[in-house]
Every structure is written in C-alpha cells, then in structure tokens.
Amino acid sequence: KQAAELDKQIEQTRSQLQDADSVLQAASPNYGQLVQQVVTAQDVFAALHPGEAFAAITVADRDGWVFLLRDKTIAVSKVDAGLPQIAGLVKKIREGIELTTAGLPEFDIPDAQQLYKLTLGGVAKSLDGAHSLVVAPSGPLLSLPFEVMLTGPAQPNQLAAAPWLVRQFTITHVPA
C-alpha cells in the first residue's frame, strides 16, 4: 500500500512540474535559451585546440573541485577551502587591483599565491606545455581576473617580474 501511495505522489509531482513548465514557457518563451545545457567532456575535448586546456572550478560551503580537461585526459584536484575562504581571498586580491581615491593599493601577494595553490595549483602539472587556458569559475571566483594569480614567490617592489598566471597562458573566462 505504501508503494502505491508513493507512486501516486510521484505522478502528482510530475504533473505539477509539467504544469509549471507550461506556465513558464507561456510567460517567457525564450527562457530555455538562458538555461545552460550540460556539456559532456567529449564535447569540451572536441572544442579545445592543440595546446589549450579547460578548467572548471566549483566551490561549495566547505570545499570544492577543479576539473582540468586537456589532450583527451581529465585531471581532478580538490579545493581545500570553502566559499567563505575563497570569497575572502578574492576580496583581498581585488582590493589590491582596484584603484581608490587614496591612490594605488598594495597588491596582496600571499593571497594571490594561496588562491592559485588552492585552485589551479593542484592541476598545474597537467598544464605543463599548454599555452592557452579556458577557465569556468563559479561563486566568488567569477569576480576575479585569473590573470592576477601568482604561481610562485614574488617581491612587492618587483611585481613587474612576478610569476603572474597570465605569463604562462592566454586566459579566457567562460560561464560555469
């Protein structure tokens, strides 16, 4: 009897969902164009050019993941920080690149290095030899130009010689 009741509830929910979809379609016929479609790894591989890599970065409350697709292989690395930590790093880095009325701010070298280590640092070996990087960040990472990440040590008085990520790759940002 419980199974029959569950089947009935499932059918009612499916019907309600179909009704809601119909109402949405009638109210906004172009809504479907805004909803992102799932793209398979094979589709990404087919779109990549030689020497190009694709990194999808997702961050949740406590941690996240980096998926790097290149040369028909997928490298995966855990992000050992959650949304609050990543948002804090992004905020500090952005404060160092946004001009204020007080003048040129000081760039946050340690946080730019830390953010790189937490995200792309885990898949860095898989990036060896690539010249172009397509990044699909999520959450607070959407507001950061990845070009300002530092892949190694830098001196505050010698930022022109710093190991900026943009020195290794042409970087393209795409929506996640």
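**Notebook: salt bridges, a helix, a pocket**

I began with E98, which is partly exposed at a relative accessible area of 36%. The model I am reading is a predicted one.

**Entry: E98 and its partner**

I looked up what E98 pairs with. E98 forms a salt bridge with R94, and the closest N and O atoms are 2.4 Å apart. R94 counts as partly exposed, with 26% relative accessibility. I noted a general point next to this: side chains of opposite charge can pair when their charged atoms come close.

**Entry: the other salt bridges I checked**

How many salt bridges are there by this rule? I wrote down five.

One of them joins the side chains of E95 and K91, with 3.5 Å from N to O. I then placed the two residues: E95 and K91 both lie in helix α4, residues 83-95. They are four residues apart, about one turn of the helix. For accessibility I noted 43% for E95, which counts as partly exposed. K91 has 54% and counts as exposed, because the cut-off for exposed is over 50%.

I also looked at D111 and K92, which form a salt bridge with closest N and O atoms 4.0 Å apart. D111 lies in helix α5 (residues 109-118) and K92 in helix α4, so this pair ties together parts that are 19 residues apart in sequence. Is D111 buried or exposed? I have D111 as buried, at 12% relative accessibility. K92, at 45%, counts as partly exposed.

**Entry: helix α5**

I found seven of the ten residues of α5 buried, so the helix is largely enclosed by the rest of the structure. The buried residues are I109, D111, A112, Q113, L115, Y116 and L118. What covers them? I listed β3, α4 and α6 among the elements that do.

At the start of α5, I noted a side-chain oxygen of D108 that reaches to within 3.1 Å of the backbone nitrogen of D111.

Next I followed the chain beyond the helix. G121 is in the loop between α5 and α6, the latter being residues 124-127. G121 is partly exposed, with a relative accessible area of 28%. I also took a distance from G121 to R62: 18 Å in space, C-alpha to C-alpha, for residues 59 apart in sequence.

**Entry: S138**

I looked up S138 in the loop between β4 (132-136) and β5 (170-173). S138 has a relative accessible area of 16% and is buried, because the cut-off for buried is under 20%.

Which residues does S138 touch, not counting those up to four places away in sequence? I listed I57, T58, V59 and A176.

**Entry: the loop between β2 and β3**

I checked phi values here. D71 has a positive phi of about 50°, although it is not a glycine. K72 is not a glycine either, and its phi is positive at about 65°. D71 is in the loop between β2 and β3, with β3 being residues 73-79. K72 is placed in the loop between β2 and β3 as well. I noted D71 as exposed at 51% relative accessibility. K72 counts as exposed at 60%.

**Entry: the largest pocket**

Last, I looked for open space. In general, rolling a probe the size of a water molecule over the atoms shows where empty space is left. About 460 Å³ of space lies in the largest pocket. I counted 21 lining residues, and V39, T40, V44, F54 and A136 lie nearest the centre. The elements that give two or more residues to this lining are α3 (41-47), β1 (52-59), β2 (64-70) and β4.

Which element gives the largest share of the lining? I have α3, with four residues. What is the lining made of by class? I recorded 16 nonpolar, three polar and two charged residues.

Terms used
Residues are numbered from 1 along each chain as its sequence is written. This is a predicted model: local features need pLDDT of at least 70, side-chain atom pairs count only at pLDDT 80 or more; totals for chains, interfaces and linings use all residues. Side-chain values use heavy atoms; hydrogens and water are left out. Buried means under 20% relative accessible area, exposed over 50%, partly exposed in between (1.4 Å probe, protein chains only). Contact means heavy atoms within 4.5 Å. On a 1 Å grid over the protein atoms alone, a cavity is a set of points where a 1.4 Å probe fits but cannot get out, and a pocket is an open set with protein on both sides within 12 Å along at least five of seven lines; lining residues have an atom within 4 Å of a point. Grid points are joined across faces, edges and corners, and a volume is the space filled by probe spheres set on the points. Ala, Val, Leu, Ile, Met, Phe, Trp, Tyr, Cys and Pro count as nonpolar, Asp, Glu, Lys and Arg as charged, and the others, Gly among them, as polar. A polar contact is a pair of N or O atoms within 3.5 Å; within protein, one must be able to donate a hydrogen and the other to accept it, and residues adjacent in sequence count only if both atoms are side-chain atoms.
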